[in-house]
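Trainee: Could you take me through one part of this model in detail? I'd like a close look at the sheet and then at the side-chain links.

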Amino acid sequence: MKRFLSTFVILIALFALSAAPAAAQNRYIVRTSGGLGSVLKLCLSANCQVQGSLDGNVGQTYLVTSSGNLITNLLGFVGNLLEQLLGIQSVESDRLLPLPQKPISTIPSGLYDTAPVNYYGTVVTHGYAAQPAAQIIRLTDAQKGFNIAGSGIVAVIDTGVDVNHPVLVPVLLQGYDFTRNQSGASEWLDVPQLQNADSDDSSQNQQPVMVQQSSAAVLDQSSAAVLDGGPYSDFGHGTMTAGLIHLVAPKAKILPLKAFTANGQGYVSNVVAALYYAVQHNANVVNMSFDVSTPSQALSQAISYANQSGLVLVAAAGNESTSAPVYPAALNSSVMGIASTSNYDTRSTFSNYGNTDVWIAAPGEYVISTFPGGTYAAASGTSFSSPLVAGSADLLLSAKASLNQKSAASAFSHAIKLTPDLNHGRLDVYQAVSAWVNSSSGNWW
């Protein structure tokens, strides 16, 4: 044992001498079977810093930073020794993930349909409640036919939400901001000048709304500060995904988990931490409207942990118009990847396709949802198809308990068949709920 330890220390010293200093701190995700102590020992030798746990009380996944690339080098040369001595199972570079959105060319007429209607105790616009996407998936048929409106908790891993939006306030839980490591999940924190305007009651109705013109359209363009490609290009993304979950399951609680900033980027470590947080704060369903082209061991492990805890996971299939795998959707035994369809039941030209990324599809063009500032916006992308299915999963839960990933996936396979590249077809909420309600446990995978 002493000989192994001496070899390990010598190798550490050699790498330390040969490593070139880096100006910025590099981020790594470390998985271990030895707990915090093993990671502290690693960093003591390898000149890295432990930033904190990513998995709460599980104690197996940590974020560390280093001025060089020592950890990756060590894993490549003495990986077996690291595991034998310290229990270090894997070390991977933390990466920034983008949020996918697609351009829209026209403003749908539903944004102008501002007639107020009562929607399960909350006043919303008729254009939001009765939009084509809701009609296509037979939402009202399912809600009224089975007397369901959602239950439990749906976690939304995204840019945060407008915590003061009148449509969402009654169902929002506090959530967490992983970009700042603090409680709460407000999108306004990324744009403080607008946050200040929002807190001023006298300007509540006049405050500007920021939106990327190429990916979303707000109702009142005359009051919108358009930042096409600017630093806040994804401001509102999380409020929109949350609003679509609320549209489908209006009685479900929404747990906003802010893993991305308003520029549409977030670290893999933020997503990993958010998944563990969702499990440990009693979420039933998780929506993930993002994708990355390369796999992550830490992300896969977090998804496996969520599945084993009984959560249903739904993810955007991506907007790259490819059948190449993207993650987490490509983890198709643990996640349902959702493609986008038009209002004419054709695959959206931008949508990814194929059985690797896609379980089913849902409408994802010109979808209308809530937007920061108490208003509404329309947008396109698989980002907005995914929450329609996540909300539908919550409806399954409210129809009959004991739902898990496999039973939800089987229920949703009762879809409207379109083309083979969309796997089981386009979401039909009524058919899915009917299949789930009328099933016996022996019929599920």
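What follows starts with an open sheet, then turns to the disulfide and the salt bridges.

Mentor: Happy to. Bear in mind that this is a predicted model, where local features need pLDDT of at least 70, side-chain atom pairs count only at pLDDT 80 or more, and totals for chains, interfaces and linings use all residues. Residues are numbered from 1 along each chain as its sequence is written, and side-chain values use heavy atoms, with hydrogens and water left out.

Let's take the sheet: it's an open one of 4 strands, in the order β2-β3-β1-β4, with antiparallel pairing. The edges belong to β2 (48–53) and β4 (88–93); each has a single partner strand, so one side of each has no neighbour in the sheet. From one strand to the next, the twist averages 30°. Strands here are DSSP runs of E with at least two residues, helices are H or I runs of at least four, and both are numbered from the N terminus; two strands pair if DSSP finds at least two bridges between them. β1 (residues 26–32) pairs with β4 in the antiparallel sense over 5 bridges, and V30 stands opposite V91 in β4.

Now for the helices. α9 (residues 268–280) lies across β1 and β3 (61–66), at about 40° to β1. α10 (residues 297–308) lies across β1 and β4, running at about 45° to β1. Those angles, on a scale from 0 to 180 degrees, are between N-to-C directions of lines fitted to C-alpha atoms, for helices over the stretch in contact, meaning heavy atoms within 4.5 Å.

Go back to edge strand β2, which spans 48–53. C48 is joined to C43 by a disulfide, S to S 2.1 Å, where a disulfide means a pair of cysteine sulfur atoms within 2.5 Å. The structure holds 1 of these. The torsion about the S-S bond is about -100°, so this disulfide is left-handed. C43 is buried at 6% relative accessibility, and C48 is buried too, at 8% (buried is under 20% relative accessible area, exposed over 50%, partly exposed in between, with a 1.4 Å probe and protein chains only).

On to the charged pairs: there are 8 salt bridges, each a side-chain nitrogen of Lys or Arg within 4 Å of a carboxyl oxygen of Asp or Glu. R138 takes part in two that I'd look at together: one with D141 at 3.3 Å, N to O, and one with D428 at 3.4 Å, N to O. The R138–D428 pair links distant parts of the chain, 290 residues apart: R138 is in the loop between α5 (132–136) and α6 (139–145), D428 in the loop between α12 (405–412) and α13 (429–437). D428 is buried at 3%, whereas R138 is partly exposed at 29% and D141 is partly exposed at 40%.

Last, D190 and K258 meet in a salt bridge of 2.7 Å, N to O. D190 sits in the loop between β10 (182–183) and α7 (192–199) and K258 in strand β14 (residues 253–258), so the pair ties together parts 68 residues apart in sequence.
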